[in-house]
Amino acid sequence: MNKFYTLTLLSAFMFIVSCSGKTADTQANTTAEPTKKEAVTINVEGTAAPESIKFKNGKLYIANLGDPNAPADGFIIVANEDGSNPQKLFEGQLDSPKGFSFLTDDIIIIPDQVNDSSMTGNLVLANVKENKIITKLPIDGSKFLNDTVVIDPATVALTDTGASAVHFIKVDNNSALSITSSVTGVAGANGIFLDNGVLYIAGSTFGGDPNGGDIYTLNIDGTGLTKWTASKLGAGALDGIAIVDGKLYVSDWGENGANNNACIYVFDLNTKEQIEKIEGSLSGVADIDLVNNVIYIPELSTSLIKKIQL
């Protein structure tokens, strides 16, 4: 069981979930009609199963799982906003990098699932300017490390989808990492975002708990775990999450996500009312980023990078 297992599981799952907006399992206030917004492809040469994207200081940074049959084949691509001048970072040093975050303009922290049957992983501290791995922290007992968010310069929250957990990590002087505590019971914990001192976590049925498909909130001290949604959302295959201007955006792989059935739900953060459902020509939408009214989208199943102008 390696990266091939991860991508095989992705493919199999896409055929049995549904992104229909109104089913018995769908949240009661899911009433907004789908919105067709044009998803424009950004041509970034060299992407291979892109899972996470960040737009930072005018550059695109993309975490790629790489070849599922090759060990240590994951990498980060950095490119211009239009996709030009792509460069690969950390080649031969990562297995399956996923939802990374920036601690500083140069220092990133990366969840990296290892290539063996354990599905365990490391949290990796790296310098993108110097193309250098600083340190790796093995997360004992982890099952599918997935996404990160920076709480403060010394604290990072890390999701573990397979273990349905959120780990809190101490960052010491951007040179050492240690795990301080964990919160369990976050079914299929996948995407994570920090807003006004509260963590919002997208739970997923894919790769995690079959009871996933909800959004959770959690205080930054690890207390107060609560379901934010009233019931399972859409297909339940939730992945990326972002909050901007009082709106919460969360992606759902949907039924047969490789064939343009993924979507992005948009909620009013205060009322929890679904106000929009963005769909059309979206497949395998993973860990999104939203900057300057643009949603940047890594399509893991197609190896394409897309953007939607809001």
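Modeller: Let us begin with a hairpin. Strand E8 is joined to strand E9 by a hairpin through four residues. Keep in mind that this is a predicted model.

Colleague: What makes E8 and E9 a pair?

Modeller: Two strands count as paired if there are at least two bridges between them. E8 and E9 are joined by two bridges, and they run antiparallel. So the pair meets the cut-off of at least two bridges. At one of these places, serine 101 has isoleucine 109 in E9 as its bridge partner.

Colleague: Which other strands pair with E9?

Modeller: Strand E7, residues 96-97, pairs with E9 in the antiparallel sense over two bridges. There, proline 97 has aspartate 112 as its bridge partner. Strand E10, residues 121-127, is antiparallel to E9 too, and seven bridges join them. In that pairing, isoleucine 108 stands opposite alanine 126.

Colleague: Why is E9 called mostly covered?

Modeller: Buried means under 20% relative accessible area. In E9, residues 107-113, seven of the seven residues are buried. Ile107, Ile109, Pro111 and Gln113 point one way, while Ile108, Ile110 and Asp112 point the other way. All of them are buried, whichever way they point.

Colleague: How many residues of E3 are buried?

Modeller: Six of the seven residues in E3 are buried, and E3 is mostly covered. E3 pairs with strand E4, residues 59-64, over six bridges in the antiparallel sense. Serine 52 has alanine 63 in E4 as its bridge partner. The hairpin of E3 and E4 has two residues between the strands. In this hairpin, asparagine 57 takes a positive phi near 50 degrees.

Colleague: What about the whole chain?

Modeller: The chain has one helix and 26 strands. Of its 310 residues, 56% are buried. The chain exposes about 11800 Å², and carbon and sulfur atoms supply 46% of that area. Now take contacts between residues at least 6 apart in sequence: 48% of them join residues at least 24 apart.

Colleague: Why is glycine 280 called buried?

Modeller: The cut-off for buried is under 20% relative accessible area. Glycine 280 has 18% relative accessibility, so it counts as buried. Glycine 280 is found in the loop between E23 and E24. Leaving out residues up to four places away in sequence, glycine 280 touches Lys36, Lys37 and Ala262.

Colleague: Is asparagine 270 buried or exposed, and how do you know?

Modeller: Exposed means over 50% relative accessible area. Asparagine 270 has 71%, so it is exposed. Asparagine 270 lies in the loop between strand E22, residues 263-268, and strand E23, residues 274-279. The C-alpha atoms of asparagine 270 and lysine 247 are separated by 8.4 Å. Those two residues are 23 apart along the chain.

Colleague: What makes E16 and E19 edge strands?

Modeller: Start with the sheet. Four strands form an open sheet in the order E16-E17-E18-E19, with antiparallel pairing. Strand E16, residues 189-195, and strand E19, residues 226-227, each pair on one side only. They are the edge strands. Between E17, residues 198-203, and E18, residues 215-219, there are five bridges. Alanine 202 stands opposite isoleucine 215 in E18.

Colleague: How do you find empty space in a model?

Modeller: Rolling a probe the size of a water molecule over the atoms shows where empty space is left. In this model, the largest pocket has a volume of about 380 Å³.

Colleague: Which residues lie nearest the centre of the largest pocket?

Modeller: Lys54, Ser101, Val149, Phe193 and Asp289 lie nearest its centre, out of 20 lining residues. Several strands, including E3, E8 and E16, each supply at least two residues of the lining.

Colleague: What kinds of residue make up that lining?

Modeller: The lining divides into 13 nonpolar, two polar and five charged residues. Among the residues nearest the centre are Val149 and Phe193. Val and Phe count as nonpolar. Lys54 and Asp289 are also among those nearest the centre, and Lys and Asp count as charged.

How values were computed. Residues are numbered from 1 along each chain as its sequence is written. This is a predicted model: local features need pLDDT of at least 70, side-chain atom pairs count only at pLDDT 80 or more; totals for chains, interfaces and linings use all residues. Side-chain values use heavy atoms; hydrogens and water are left out. On a 1 Å grid over the protein atoms alone, a cavity is a set of points where a 1.4 Å probe fits but cannot get out, and a pocket is an open set with protein on both sides within 12 Å along at least five of seven lines; lining residues have an atom within 4 Å of a point. Grid points are joined across faces, edges and corners, and a volume is the space filled by probe spheres set on the points. Buried means under 20% relative accessible area, exposed over 50%, partly exposed in between (1.4 Å probe, protein chains only). Contact means heavy atoms within 4.5 Å. Accessible areas come from the Shrake-Rupley method with a 1.4 Å probe; for residues, only the protein chains shown count as cover.
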